[in-house]
Amino acid sequence: MKDDSRIDQIIQFALLVASEEEDARERRLGRIHLIKYVYLADLAFAQKNDGQTFTGVDWQFFKFGPWAPVVNERIEPALLAICAEKSTFPSDYPDKNDWVRWQVTDDSCLTTLEGNLPDIITFTIRSNVHKFGNATFDLLEYVYNTEPMRKASPNEQLSFANLRSQFPRQKHSEDHPDSLSHKQRKKLKEKMAALRLKSKERLAEKRSQRLVQPVITPRYDDVYFQGLEWLDSLAGEKIPEGDMDATFSDTIWKSQARSGDDFSG
């Protein structure tokens, strides 16, 4: 059975965790991000609790990822309850509604929620929010390739039963960030920020390095065109040009290619 209070707490915690990001633009999350973070929290909890989700929500394979109307409906009341700021931006698409983003900073509320929620929930939310933030495409790609999604067809309800656990037990409780003191967490946060900054600097340096390709001027003579004609003849009959439709059987959704252990998105 769904639990609205648990849904609200995860939504609030995800947005509060986003407030820790250095870049102010990365502290704002939209509906699509918050819904997916609630799903990932449920997935992680189910992997450690025999398929039982934390929120009790009925998740569905809808369009590009997991969806639950009840989670969508809880976003606004949950965030207004912690005085989150709502911003609206014009959509990039003429047929779409304006973008809505939420933002809030409240260290006291963050600490309270972190103490109330299970460790696996806080660990999962922190990891994923800091990894994906409001990068919609990367987040959607990640959730689309999760195990419940790969075992379902469009519009089907997602099953969290018999999931392969991705969260091994901690050998020592002190290894888990949630068990650290406030001072230890602050130091850990500073180290993580430094690592993220260093990673961004390395990435920027790699992007700035461009290899100059040697310029080779081809000889477009008779031998060149005869060679092209010969290569084309090896391919057999030429494929007709123009628009074509490809039809796939619905069985593709339950194929081993999607749900097998060797699947790679």
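## Glu 76 and its contacts

Leaving out residues up to four places away in sequence, Glu 76 touches Arg 31, Lys 86 and Trp 102, where contact means heavy atoms within 4.5 Å. Glu 76 is placed in helix α3; helices (H or I, at least four residues) and strands (E, at least two) are DSSP runs numbered from the N terminus. With a relative accessible area of 27%, Glu 76 is partly exposed; buried means under 20% relative accessible area, exposed over 50%, and partly exposed in between (1.4 Å probe, protein chains only). The C-alpha atoms of Glu 76 and Ile 11 are separated by 9.6 Å, and these two residues are 65 residues apart along the chain.

## Basis of the model

The model is predicted: local features need pLDDT of at least 70, side-chain atom pairs count only at pLDDT 80 or more, and totals for chains, interfaces and linings use all residues. Residues are numbered from 1 along each chain as its sequence is written, and side-chain values use heavy atoms, with hydrogens and water left out.

## Packing of α1 with α2

Helix α1 (residues 4–18) packs against helix α2 (residues 31–48) at an angle of about 115°, and their axes are 9 Å apart. Axes are lines fitted to C-alpha atoms, for helices over the stretch in contact, and angles run from 0 to 180 degrees between N-to-C directions. The two helices α1 and α2 are therefore roughly perpendicular to each other; angles under 35 degrees count as roughly parallel, over 145 as roughly antiparallel, 65 to 115 as roughly perpendicular and the rest as oblique.

The crossing of α1 past α2 is right-handed; a crossing is left-handed if the near helix is turned anticlockwise from the far one by less than a right angle, and right-handed if clockwise. From α1, Ile 10, Ile 11, Ala 14 and Leu 15 meet Leu 34, Tyr 37, Val 38 and Ala 41 of α2. By class, the residues of this contact are 8 nonpolar, no polar and no charged; Ala, Val, Leu, Ile, Met, Phe, Trp, Tyr, Cys and Pro count as nonpolar, Asp, Glu, Lys and Arg as charged, and the others, Gly among them, as polar.

## Packing of α1 with α4

The axes of α1 and α4 cross at roughly 130° and come within 10 Å. That makes α1 oblique to α4. This crossing of α1 and α4 is left-handed. Gln 9, Gln 12, Phe 13, Leu 16 and Val 17 of α1 make the contact with Cys 109, Leu 110, Leu 113, Glu 114 and Asn 116 of α4. The contact of α1 with α4 has 6 nonpolar, 3 polar and 1 charged residues.

Arg 126, in helix α5, is buried at 18% relative accessibility. Apart from neighbours within four places in sequence, Arg 126 is in contact with Phe 13, Val 17, Glu 20, Leu 110 and Glu 114.

## The largest nonpolar core

The largest nonpolar core holds 51 residues, of which Trp 59, Val 71 and Ile 125 touch the most other members. Such a core is a set of buried Ala, Val, Leu, Ile, Met, Phe, Trp, Tyr and Cys residues joined through side-chain atoms within 4.5 Å. Helix α2 gives the most to this core, with 11 residues. Not counting residues up to four places away in sequence, the contacts of Trp 59 include Ile 35, Val 38, Pro 66, Val 71 and Phe 160.

Most residues other than glycine have a negative phi. Asp 50 has a positive phi of about 55° and is exposed, with a relative accessible area of 82%.

Cys 83 has a positive phi of about 60° and lies in the loop between α3 and β3 (85–89).
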